[in-house]
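Welcome! Here is a short briefing to read with the structure open beside you. Take your time and look up each part as you go.

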Amino acid sequence: MTAGMRKGLTSYGDKDFSLFLRKAFIKAMGYSDDALDRPIIGITNTYSDFNPCHGNVPQLIEAVKRGAMLAGAMPMEFPTVSIHESFAYPTSMFLRNLMAMDTEEMMRALPVDAVVLIGGCDKTTPAQVMAAVSADRPTIVLPVGPMLVGHFKGEVLGACTDCRRLWGEFRGGRMSAEDIEVANARLVPSVGTCGVMGTASTIACMMEAMGMTLPGAATIPATHADRVRIAEATGKQAAALAKSGGPKPSDIITKDALHNAIVMLQAIGGSTNGVVHLSAIAGRTNTPLTLEEYDEIGRKTPVLVDLKPSGDHYMEHFHYAGGVPRLMQELKDLLKLDAKHVMGGTLGDAIRDFEDVPGQTVIKPRNAPLKKEGGMAILRGNLAPRGAVIKQAAASPKLMQHEGRAVVFDSVEDMTTRIDDPALDIAEDDVIVMRNAGPVGAPGMPEAGYIPIPKKLAQKGVKDMVRISDARMSGTAFGTIVLHVAPESAVGGPLALVKTGDRIRLDVANRSLELLVSDAELDARRRTWTAPPVPAEAQRGYAKLYREHVQQADEGCDFDFLAAVRK
């Protein structure tokens, strides 16, 4: 097996010269022949001054290097794209596939025998794992870890569920400008990913359930010494992967592993983004997922983790309660315990040791779940023929079966302009529809699905309404919100045909989303529909590539040419 510096030699027409030249240049960095003859561990460096979620990455890299060297390997870091939710225009989802391409090609291009993927902020880890599946080099995931909780006026705060809740209070006139500014400085008190069960923590927990991380890696706070220690242990395990040549992602990310990830997603009341990202990862394999699989598993899997936005606690509390290994003890009958693990054995082997914390209340027992069904449900109907997603664990029970009059916004910009207009004709029982916010239409499927309650209703105390869009929403968000409507309106999906005044019926129990308009009327509207114009910035470069090749939400929004070629 070709390994180390001899792997993937640059083509000069002479392999011996290629190796000679490579070693000549790398020795400029001060490496010895002894160091260069060892297995090489590649470590992704996703640190950026624009990415506070990854503020601890330099410290983690040093710990991974230490672990790799203690195990006799040579660690070498390399940079990739770094994405942060709040610093990604037009949206982080728009850049996920770019990061996946960048990471995949670096994994292929560099002479690495195993790779440690360090990441956390929402789209980072999915992009990295998509890349790892396609490159299929021995790989282990190291999450950066969640931030600590903040405090304000005696209340515990966690980004970013409480960001949204407090902003809603401010919009509704129940919080002063002075208080919202003080809260702004308290919501994110440390580096690390959001301290609630948002997308970052959801994906980290799913990676642990899939066997791609060391046990316990998902929940350790970013600032804790244990986070550094598990980074060192990750480096050691990466060295073992390099020496043995596996297991590779193709060995680990099987149908059973994908099943386990869905069980985890449903049991933690995870982010709806977990559906899009796991579908994209599965789409790189020969075992793609259908939305029905999420729903079938969700009907059998209760929500057991009492974390915001579905419950009351925060990620550090989940960690102190025993984290994912403890949770999986409650889920054993639902998990495929024979699935392979990055440690070399099975998932069952990896979770044999766990901490059972007396008196903890964050991880609920199976006989007293937080919710009887999983956190997510898949809806279908004439408004979403290819499916839509609702986070039922974070929705209002009274709105789970609801019929109301549609109030339509044609774009994110239209919604932003009109939502707080005092003249807006809208009532609490209406259904807000926002379209042209999907993968193609926005572009990039922004987290704009968390449509704010119109100000005049918020000031009356209204805190939730049924909202429907082809956008996404943050995993930290809550409310009765139907998302990922597919196909999206910008490509002619039924959402494009809705008019203000139409009646819409939502029935989560029966997994139904229906536009109460006759087929004949919809056919007539379809004949007069025209696609939105292509903006100038989407007619060149990456934006053009994105627009022409991005898949719909039910397929994970990957590029069609990156999905696996299946026989």
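The points below go through a sheet and its helices, a surface patch, some salt bridges and one further helix.

Please keep in mind that this is a predicted model.

- In general, the strands of a sheet pair through backbone hydrogen bonds, and the pairing can be parallel or antiparallel.
- Strand S1 (residues 40-45) runs parallel to S2, and six bridges join the two.

**A nonpolar patch**

- Tyr12, Phe17 and Phe20 form a nonpolar patch on the surface, and together they have about 350 Å² of accessible area.
- Tyrosine 12 sits in the segment before helix H1 (15-26).
- Why does tyrosine 12 count as partly exposed? Its relative accessibility is 49%, and the partly exposed class ends where exposed begins, at over 50%.

**Salt bridges**

- As a general rule, side chains of opposite charge can pair when their charged atoms come close.
- Within helix H3, lysine 65 and glutamate 62 are three residues apart, about one turn of the helix.
- These two residues form a salt bridge, with 4.0 Å between the closest N and O atoms.
- Lysine 65 counts as buried at 17% relative accessibility, whereas glutamate 62 is partly exposed at 45%.
- Arginine 405 and aspartate 425 meet in another salt bridge, at 3.5 Å from N to O.
- This pair links distant parts of the chain, 20 residues apart: arginine 405 is in strand S9 (residues 401-409), and aspartate 425 is in the loop between helix H17 (412-418) and strand S10 (431-434).
- Aspartate 425 counts as exposed, because its relative accessibility is 55%.
- Glutamate 447 and arginine 472 also meet in a salt bridge, at 3.1 Å from N to O.
- Glutamate 447 lies in the loop between S10 and helix H18 (455-458), and arginine 472 in the loop between strand S11 (466-469) and strand S12 (481-483), so the pair ties together parts that are 25 residues apart in sequence.
- Is arginine 472 buried or exposed? Arginine 472 counts as buried, at 0% relative accessibility, while glutamate 447 is partly exposed at 21%.
- Glu447 and Arg472 belong to a network of salt bridges that also links Glu85, Asp122 and Lys123.

**Helix H6**

- In helix H6 (residues 161-171), the buried residues include Thr161, Asp162, Cys163, Leu166 and Arg171.
- Among the elements that cover the buried residues of H6 are strand S6 (155-157), helix H7 (177-184) and H18.
- After H6 comes glycine 173, which has a positive phi near 80°.

Definitions and conventions: Residues numbered from 1 in each chain as written. Predicted model: local features only at pLDDT ≥ 70, side-chain atom pairs only at ≥ 80, totals over all residues. Heavy atoms only, no water. Pairing = 2+ DSSP bridges. Helix = DSSP H or I, 4+ residues; strand = E, 2+ residues; numbered from the N terminus. Patch = residues over 30% accessible without salt bridge, like charges linked within 9 Å, V, L, I, M, F, W, Y side chains within 5 Å. Areas by Shrake-Rupley, 256 points an atom, 1.4 Å probe, with all protein chains shown as cover. Salt bridge = Lys/Arg side-chain N within 4 Å of Asp/Glu carboxyl O. Buried < 20%, exposed > 50% of the residue type's maximum accessible area, 1.4 Å probe, protein only. Contact = heavy atoms within 4.5 Å.
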